[in-house]
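These are my notebook entries on one structure.

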Amino acid sequence: MMFWYDHDLSGWGYAGMAVAMLAFWVLIAAGIVALIRFSAASPQQRTIPRPPLHDESPEQLLALRFARGEIDETEYQQRVAILRGTKRE
């Protein structure tokens, strides 16, 4: 029987397979590391930080916190009264 060598992998074929296998495992490892880092991060680190607000007044910042639900109405009114200099009881 006569052997034909035109369907055999040459040295470059084996080198290409080795490089592809290495790249595959590197991508798998990088994906696992990224997944671990993302799952270990706190929720504050996952969100995009908001730039500091230098143009807003303290009352506007307080109103923004009230709108986001960080403080309730009584705390909002107490703090506004303190900012305006009127004592509210």
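Entry 1. Is Phe66 buried, partly exposed or exposed? I looked up its relative accessibility and found 33%, so Phe66 counts as partly exposed. I note here that the model is a predicted one.

Entry 2. I then looked for what the ring of Phe66 pairs with, and found Tyr76. A pair of aromatic rings is described by the distance of the centres and the angle of the planes. The centres of the Phe66 and Tyr76 rings are 4.8 Å apart and the planes are at 20 degrees, so I logged the pair as stacked. The cut-off I needed for this is that planes under 30 degrees apart count as stacked. Phe66 sits in helix α3 (residues 58–68) and Tyr76 in helix α4 (residues 73–84), so this pair ties together parts 10 residues apart in sequence.

Entry 3. I searched the whole structure for aromatic pairs and got two. Besides the pair above, I found Phe24 with Trp25: the ring centres are 5.1 Å apart and the planes are at 75 degrees, so the pair is edge-to-face.

Entry 4. Together with Met21, Ile28, Ile32 and Ile36 they make a nonpolar surface patch of about 630 Å². I checked one member, Ile36, in more detail. Ile36 lies in helix α1, which covers residues 11–40. Its relative accessibility is 52%, so Ile36 counts as exposed.

Entry 5. Next I turned to the charged side chains. The search of the whole structure returned four salt bridges. I took Arg84 and Glu59 to begin with, where the closest N and O atoms are 3.2 Å apart. Arg84 is in helix α4 and Glu59 in helix α3, so this bridge ties together parts that are 25 residues apart in sequence. Arg84 counts as exposed at 56% relative accessibility, and Glu59 as partly exposed at 29%.

Entry 6. Which residues are linked in a network of salt bridges? I found Arg65, Arg68 and Glu70. For the Arg68 and Glu70 bridge, I noted 3.3 Å between the closest N and O atoms. Arg68 is partly exposed at 47% relative accessibility, and Glu70 is partly exposed at 45%.

Entry 7. I counted four helices and zero strands, and the elements run α-α-α-α from the N terminus on. Of the 89 residues, 6% are buried. The accessible surface comes to about 8400 Å², and carbon and sulfur atoms account for 65% of that surface.

Key: Residues are numbered from 1 along each chain as its sequence is written. This is a predicted model: local features need pLDDT of at least 70, side-chain atom pairs count only at pLDDT 80 or more; totals for chains, interfaces and linings use all residues. Side-chain values use heavy atoms; hydrogens and water are left out. Patches are made of residues with over 30% relative accessible area and no salt bridge: like charges are joined within 9 Å, nonpolar side chains (Val, Leu, Ile, Met, Phe, Trp, Tyr) within 5 Å. Accessible areas come from the Shrake-Rupley method with a 1.4 Å probe; for residues, only the protein chains shown count as cover. Helices (H or I, at least four residues) and strands (E, at least two) are DSSP runs, numbered from the N terminus. Buried means under 20% relative accessible area, exposed over 50%, partly exposed in between (1.4 Å probe, protein chains only). Rings of Phe, Tyr and Trp (its six-membered ring) pair if their centres lie within 6.5 Å; planes under 30 degrees apart count as stacked, over 60 as edge-to-face and the rest as tilted.
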